[in-house]
Amino acid sequence: MDQSNNHPYDELLAAYSAGSLPLSQALCISAHLEHCHSCGQRLQQLNHVGSELMQQLKPAKASDELKNKLLGMLDSLPQDLAQEQPREVDSRVPRCLHQFIDKGYDDLDWKRVSADIHSAELCRDSNGAKVELLKIKPGGSATTHTHMGDEYTVILEGSFSDESGLYGQGDFLVRDEKDQHTPVATQDRECICLAVTEGPIQFTGFLHRLLNPFIRRGYA
Amino acid sequence: MALMATTTGKSDKLAHLSACIGRVADKRDKSAFAELFDHYTPLIRAYSLAREPGADLVADELVQEVMTRVWLKAEKYNAKLANLNTWIFTLARNCRIDYLRRNSRYATEIDPTDIFNEMEDEGPGPFQMVQQNKAQQSVREGLEQLPQEQAEVLTKVYLEGKSHQQTSEELKLPLGTVKSRVRLALKKLEVLVTR
Ligand SMILES: [Zn+2]
């Protein structure tokens, strides 16, 4: 299962490890990781970086109250937190997408984008980014639309090629708005990709989030 | 000599804490859990306060979330796959992401639970274990020698949970500079496994 040739660049994987990546982009990394052992190993190392940085922090002791409260709670904690609920999703679907896909790709609400492409929107991120699946017919052109910002793509099934080469299952690609590539799905089968497109509303959303991450929590 | 002593001290401490997590898993031992609480809680609170200075209630809430998971998931912890400090870090990271999502003004429908593993599944073999331990030590030593400007971006990204964009705005640096500093820092820490 380690066949991908295109990986997230290091600082992106580090941001994933740090938990500071927008969740929409983290979805793409996670989908890639299911196909890429070497990025899994790099991630482990990057987690060590976080761990070591945490050890260097100046400790901030908790109150005895908190300790006693927690120790008193242990016996009454619901055990099901530890259990994972099995879901019956098609094994072709990456685990991180199970939250959006009940059964399999075929049951999604696919909408026609062009003669060659159908899309199924999965969700929006808080920064306005759109998360969708794209299905490109065999030999079809995978050029979708112009957009602002970067587009993150992970190939889930099939393959496509462009001027710079062939891309297969698990490959992770970032394209910016200036990108001139014209990818085409290979003839043998249809191609399904996870695509995250940053939206123009991102900028207001981002600032609000920066200023008000805890505002809804009434801690008065 | 002094450095050697600290390193040995640290690994003894970690071995002791790993034994504690074993006792929690096997015997539901509350005194072992209390030892883990005493050691890790100040670090978890510091991690939360790094992002949200002064927010003690938020920090306490993160402690509860993380330590609850330590109690419930102790059995799943596998010392062969991750060092205990790193497991606690990933738990704290995951709980913080979840907390931020639940309390963000601009809600997202994306549930982080299935995105972030608590332990990387594809663990190293015994030979690689040795390499991993070496690598972890080189991370530790490397951090001490990192130029200030690189340590600063790593702190923003890992401890304060800032995106590259946020980091660039706060440090008044071009986005490209932030990214290249992260990259240079990682290279110095030798964390990039050769593909
Ligand atoms: Zn990879």
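Q: Which residue is the bridge partner of A:Val131 in E9(A)?
A: A:Val196 is the bridge partner of A:Val131. The model is predicted, with local features at pLDDT of at least 70, side-chain atom pairs only at pLDDT 80 or more, and totals for chains, interfaces and linings from all residues. Residues are numbered from 1 along each chain, chains are lettered from A in the order written, and side-chain values use heavy atoms, without hydrogens and water.

Q: What makes E3(A) and strand E9 of chain A a pair?
A: Strands (DSSP runs of E, at least two residues) are numbered from the N terminus. Two of them pair if DSSP finds at least two bridges between them. E3(A) and E9 (residues 191–197) have seven, in the antiparallel sense. Therefore they count as a pair.

Q: Why is strand E3 of chain A called mostly covered?
A: Buried means under 20% relative accessible area (1.4 Å probe, protein chains only). Six of the seven residues of E3(A), 130–136, are buried.

Q: Why is the link between B:Asp38 and A:Lys67 called a salt bridge?
A: The rule asks for a side-chain nitrogen of Lys or Arg within 4 Å of a carboxyl oxygen of Asp or Glu. Here N to O is 2.9 Å, so the pair qualifies. The count between chain B and chain A is four salt bridges.

Q: How many residues of chain B are in contact with chain A?
A: Contact means heavy atoms within 4.5 Å. By that rule, 87 residues of chain B touch 80 residues of chain A.

Terms used: Buried < 20%, exposed > 50% of the residue type's maximum accessible area, 1.4 Å probe, protein only. Helix = DSSP H or I, 4+ residues; strand = E, 2+ residues; numbered from the N terminus.
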